[in-house]
Amino acid sequence: MLKVLKGKDDYLFLDNDTNRVMSQITGKIPLNDKIKASIKTTFERRMLYADYLGFQYLYLITPNAHCVHAEHLPDGIEISDDRSAIYLQKNFPDVVYYSLEVLRQYKDKYTVYYKTDTHWTGIGAALTFNEVSDRLGLNTKIDVDGIPKVEKEFVGDLGIKLTPNKKCTYQALDWESDVELLADNRMATGSKYLHLRSNNRNGKRCVIFGGSSVALYENWKIIGHYFAETFFFWVNHSFDRQIINELQPDVVVHLINERFFNGNFDSIPYATTLMERILSMKSYEKLEEIDLSDDFFSESLRKFLAAHKKHLLNEKAERLARDEKRIATVVDAVKKKYAADMKSVLEQNLERPIISYRTHLSVYGWLEKNFEGQISGLLHSRRAIEAIEISIPSELGVVKCTARTRKKGLLETVEANKIIGSIGKGDPILGIKLELDERSNDKFDVLYRIHSLSTGGGGRWSAWFFNGQEATVDDPFNAIQIRLRKK
């Protein structure tokens with residue numbers, strides 16, 4: 001399903017995403033009383049903590065482009081005031097700043113959002129942080145009106161989804177930033193860390209918990225200008241007290257895009273997030289590419305990574321050993337008891353043969369082989385399954401697999417031990433059906449279900465499908481379970 005909504009005057013808007021942004025902006029996902037109570041408690045605790053340690057705390061929400069450029073949406077789409085960001089700004093004005101007003105004020109004068117991307121531009125970031133400066137007393141401004149502008153071309157995260165790709169022209173500040181990049185852990189997206197320093201004389205040390213609004217398109221060169229020293233951690237919701245205690249900042253900013261707020265304040269430590277990100281790589285062959293040389297990492301996180309890497313490698317080895325032992329035990333039993341005639345395996349009381357499968361996830365690559373109902377995939381990741389390989393012992397039959405992908409549509413059916421799907425093509429599987437051949441389909445049912453990304457948050461499992469039924473979703477899925485059941 002296309003995730004791009006074509007608006008007026010060549011504007012593109014995000015649609016059909018896991019956060020359901022169109023439902024958000026039209027007021028179809030209101031906050032319930034339980035979430036509102038949780039928000040109130042969370043902000044009260046964070047402000048008490050800020051007062052105790054003596055830092056300023058700001059929850060900064062960057063608007064959805066739909067709300068800034070509402071006049072460019074297709075006819076019939078009305079922006080509702082019953083949105084989470086409006087509620088937060090109205091009820092928690094001392095801690096929340098929603099930068100919609102200033103961006104709307106300047107949108108006709110400057111390019112504050114790209115026409116073909118979901119993010120603000122450097123000018124949009126500068127206008128917002130000029131307001132933040134007034135609010136926090138930073139005594140720092142970027143003279144957006146006075147600095148010359150240059151026009152550039154840009155494709156963006158929405159323009160690239162169209163064929164052919166769509167470009168836009170935008171304004172950029174023609175200036176030389178004074179921000180120096182002291183450290184970058186070289187993570188591509190989530191769990192990225194940046195350590196910045198500028199010539200700012202206000203002496204303010206800032207910790208920013210945020211995401212792509214800071215890290216992408218070098219917006220950090222703009223935002224870092226407002227502080228003498230900035231530490232950026234790519235974690236959308238975390239309020240990491242360990243980091244705050246260690247760095248002792250003057251200012252802590254949560255910078256979150258409007259569409260990512262769903263009432264979730266799960267405060268997972270940054271070190272844990274980074275570890276999970278590293279572990280999601282293929283093995284550990286890319287670990288050496290990650291830079292943890294900055295002073296902040298030298299003690300706390302490096303020790304954490306070393307200890308947990310050792311623990312997880314041991315855990316992985318133990319799990320593999322258990323699986324191999326279990327498989328060997330079953331195979332030996334089958335060989336001893338039914339060596340004379342393998343067909344008798346299906347006639348005797350063996351509950352089910354061993355079905356095995358492995359999946360290939362976008363960016364992450366191949367995961368380890370799983371067996372009989374185990375989850376293959378990463379439930380808490382947005383990386384979709386692109387390919388799958390399934391098999392049962394050849395003596396017991398063959399599993400036939402048919403899949404449907406986003407780009408190629410329905411693929412040719414493959415049999416056991418053959419890969420279906422694609423690798424590295426950006427073409428996730430949207431539907432899959434499995435069936436057994438005549439040697440085993442009268443004795444066993446093959447059951448399977450998929451974990452959908454379409455609902456956002458933790459996603460959800462589908463119902464169980466079986467014997468050639470297509471398990472399908474509108475968006476990619478990130479996990480699958482498969483098992484055999486004796487009839």
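Reader: Is Arg485 buried, partly exposed or exposed?
Author: This is a predicted model. Arg485 lies in strand β25, residues 477–486. Its relative accessibility is 35%. Buried means under 20% and exposed means over 50%, so Arg485 counts as partly exposed.

Reader: Which residues does Arg485 touch, not counting residues up to four places away in sequence?
Author: Phe466 is 19 residues apart from Arg485 along the chain, and their C-alpha atoms are separated by 9.9 Å. Contact needs heavy atoms within 4.5 Å. With residues up to four places away set aside, Arg485 touches Lys443, Phe444, Asp445 and Leu447.

Reader: How many helices and strands does the protein chain have?
Author: The protein chain has 487 residues, and 50% of them count as buried. Take contacts with a separation of 6 or more: residues 24 or more positions apart account for 69% of them. As for the elements, the chain has 14 helices and 25 strands.

Reader: Leaving aside neighbours within four places in sequence, what is Leu255 in contact with?
Author: Leu255 is among the members of the largest nonpolar core that touch the most others. Its contacts beyond four places in sequence include Leu60, Thr62, Trp120 and Phe129. Also among them are Ile208, Phe209, Gly210, Gly211, Ser213, Val214 and Ile223.

Reader: Is Thr359 buried or exposed?
Author: Thr359 is found in strand β12, residues 356–361. Its contacts beyond four places in sequence include Trp366, Leu367, Ile385 and Ile480. The relative accessible area of Thr359 is 0%, and the cut-off is under 20%, so Thr359 is buried.

Reader: Which side chain makes a polar contact with the side chain of Thr359?
Author: Gly377 and Ser376 are both among the contacts of Thr359. The polar contact spans 2.8 Å, and the partner is the side chain of Ser376.

Reader: What is the volume of the largest cavity?
Author: The count comes to one cavity of 30 Å³ or more. Strands β16 (385–391) and β17 (399–405) each give two or more residues to the lining of the largest cavity. Residues of the lining include Ile388, Ile390, Val399 and Cys401. The volume is about 50 Å³.

Reader: How many charged residues are in the lining of the largest cavity?
Author: Glu389, Lys400, Glu415 and Lys418 are among the lining residues. By class, the lining has seven nonpolar residues and no polar ones. The charged residues number four.

Reader: Which residues does a cis peptide bond join?
Author: Most peptide bonds are trans. Pro164 is found in the loop between α7 (156–159) and β6 (168–173). Omega is about -5° for the cis bond, which joins Thr163 and Pro164.

Reader: What is phi of Asn467?
Author: Most residues other than glycine have a negative phi. Asn467 sits in the loop between β23 (465–466) and β24 (471–472), and counts as partly exposed at 32% relative accessibility. Its phi is positive, near 50°.

How values were computed
Residues are numbered from 1 along each chain as its sequence is written. This is a predicted model: local features need pLDDT of at least 70, side-chain atom pairs count only at pLDDT 80 or more; totals for chains, interfaces and linings use all residues. Side-chain values use heavy atoms; hydrogens and water are left out. On a 1 Å grid over the protein atoms alone, a cavity is a set of points where a 1.4 Å probe fits but cannot get out, and a pocket is an open set with protein on both sides within 12 Å along at least five of seven lines; lining residues have an atom within 4 Å of a point. Grid points are joined across faces, edges and corners, and a volume is the space filled by probe spheres set on the points. Helices (H or I, at least four residues) and strands (E, at least two) are DSSP runs, numbered from the N terminus. Ala, Val, Leu, Ile, Met, Phe, Trp, Tyr, Cys and Pro count as nonpolar, Asp, Glu, Lys and Arg as charged, and the others, Gly among them, as polar. A nonpolar core is a set of buried Ala, Val, Leu, Ile, Met, Phe, Trp, Tyr and Cys residues joined through side-chain atoms within 4.5 Å. Buried means under 20% relative accessible area, exposed over 50%, partly exposed in between (1.4 Å probe, protein chains only). A polar contact is a pair of N or O atoms within 3.5 Å; within protein, one must be able to donate a hydrogen and the other to accept it, and residues adjacent in sequence count only if both atoms are side-chain atoms.
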